[in-house]
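Please describe the fold of this protein chain.

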Amino acid sequence: MSRIFNFSAGPAVLPEEVLKEAAEEMLDYRGSGMSVMEMSHRSKVYDDIIKEAEADLRELMNIPDNYKVLFLQGGASQQFAMIPMNLMKNKKAAYIVTGQWAKKAYQEAKLYGEAVEVASSADQTFSYIPDCSDLSIPEDADYVYICENNTIYGTKFHTLPDTKGHTLVADVSSCFLSEPVDVSKYGVIYGGVQKNVGPAGVVIVIIREDLITEDVLPGTPTMLRYKTHADNDSLYNTPPTYGIYICGKVFKWLKAKGGLAAMKEYNEKKAKLLYDFLDQSSLFKGTVRKEDRSLMNVPFVTGDAELDAKFVKESKAAGLENLKGHRSVGGMRASIYNAMPMEGVEKLVEFMKKFEAENLK
Ligand SMILES: *Cc1c(COP(=O)(O)O)cnc(C)c1O
């Protein structure tokens, strides 16, 4: 067996310890005589798995008691609709457009009400986070929406926008559990887990209880009402059982690593190694304004598309995979999520140095 260093933006690298443990439990989960995949979601043994996963997540993120944790399906993209359907009481919401995922959410919201773009960084290819300290947010907006970490462009809100008292809704798909957060500042925090937490197929929604009501837009399907899932502890219908089980293992892994404060420190070290190299390189260049850089997704370019392609090809041969940038940006992108070890980033920087020496004219 040999594993490569996987810099994919998602689905992405998972902790090796977690994968090994899951492999050991594949055929017989702790004396149950079956795989977690084969188990009823109504069984006692599965109930323990989902309850423990929730308890561990609550502990890791220090989630206040007046928030529900929901394990749902449909990916982060389903939330683009579910949020307006459930939250747009006044049929109006403010969107901060900092990349493609925020834009998709904004466009989807327009199907259900008035979505107002209150800030955008489209003018410079989403390479920065706009100043959100004094936005003009409509008085009657039901919420302010952000994509907190922009997976494609490599930017992150290091300061949350001033919502002027409005509910903050955040897509944290690509920065979930990468650092501590103050949950009480948000109305809704959600993310698809396939970026930084687990296997594709699970989306976690952390939502303040007062936002879960029967008062949803007419025609909202039962499955797309937060209340349906909140009232049934995420077991209204069959949840993505195996995915939740793996997420639970990742939560335990994070706890054993020292929790989110320790994770942040580790992530900062990894990112610094790469950014420091980029900042002094005469061949490679980071594409994001320094103060808005993400700890998770690091896009960079040489400025020459052919050389970029050569880099991607040769890095793959060196055991560093999925470094090709998103098709909309080009260049390269290294996603260095929680489960990417320091060794992977060290190998990447070593390879970049070598490539630079060989290709700098
Ligand atoms: C990947 C991603 C999405 C889309 O996730 P799906 O689960 O594929 O719907 C949405 N938002 C962000 C920030 C992402 O990185």
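Two strands pair if DSSP finds at least two bridges between them. Helices (H or I, at least four residues) and strands (E, at least two) are DSSP runs, numbered from the N terminus. This is a predicted model: local features need pLDDT of at least 70, side-chain atom pairs count only at pLDDT 80 or more, and totals for chains, interfaces and linings use all residues. Residues are numbered from 1 along each chain as its sequence is written, and side-chain values use heavy atoms, with hydrogens and water left out.

**The seven-stranded sheet**

Seven strands form an open, mixed sheet. Their order is S2-S10-S9-S8-S5-S3-S4. Strands S2 (67-72) and S4 (114-120) are the edges, each pairing on one side only. Neighbouring strands are turned by 20° against each other on average, direction ignored. Axes here are lines fitted to C-alpha atoms, for helices over the stretch in contact; angles run from 0 to 180 degrees between N-to-C directions.

Within this sheet, S9 (residues 188-192) and S10 (residues 203-208) run antiparallel, joined by five bridges. Ile-189 has Ile-206 in S10 as its bridge partner. Helix H3 (residues 75-87) lies across S2, S3 (92-97), S5 (143-147), S8 (167-171), S9 and S10. H3 runs at about 155° to S9.

**The three-stranded sheet**

Three strands make an open antiparallel sheet in the order S11-S12-S14. S11 (285-286) and S14 (332-335) stand at the edges with a single partner strand each, so one side of each has no neighbour in the sheet. Two bridges pair S11 with S12 (residues 297-301) in the antiparallel sense. Gly-286 stands opposite Phe-300 in S12. Helix H7 (residues 259-280) packs on this sheet and touches S11, S12 and S14. The direction of H7 makes about 20° with that of S12.

The expected span of a helix is 1.5 Å times one less than its number of residues. The end-to-end C-alpha distances compare as follows.

| Helix | Residues in helix | C-alpha span | Expected span |
|---|---|---|---|
| H7 | 22 residues | 32 Å | 32 Å |

Buried means under 20% relative accessible area, exposed over 50%, partly exposed in between (1.4 Å probe, protein chains only). The buried residues of H7 include Leu-260, Met-263, Asn-267, Lys-270, Tyr-275 and Phe-277. The buried residues of H7 pack against H2 (44-61), H6 (241-256), S11, S12, S14 and H9 (342-359). Contact means heavy atoms within 4.5 Å.

In H2, the buried residues include Tyr-46, Ile-49, Ile-50, Asp-56, Arg-58 and Met-61. Their cover includes S2, S9, S10, H6 and H7.

**The whole chain**

The protein chain has nine helices and 14 strands. Its radius of gyration is 21 Å, close to the 21 Å of the globule rule for 361 residues, so the chain is as compact as a globular protein of that length. That radius is taken over C-alpha atoms, and the rule is 2.2 Å times the number of residues to the power 0.38. The C-alpha trace spans about 65 × 60 × 30 Å along its principal axes.

Of the 361 residues, 56% count as buried. Among contacts between residues at least 6 apart in sequence, 68% join residues at least 24 apart. The accessible surface comes to about 15800 Å², and 49% of that belongs to carbon and sulfur atoms. Accessible areas come from the Shrake-Rupley method with a 1.4 Å probe; for residues, only the protein chains shown count as cover.
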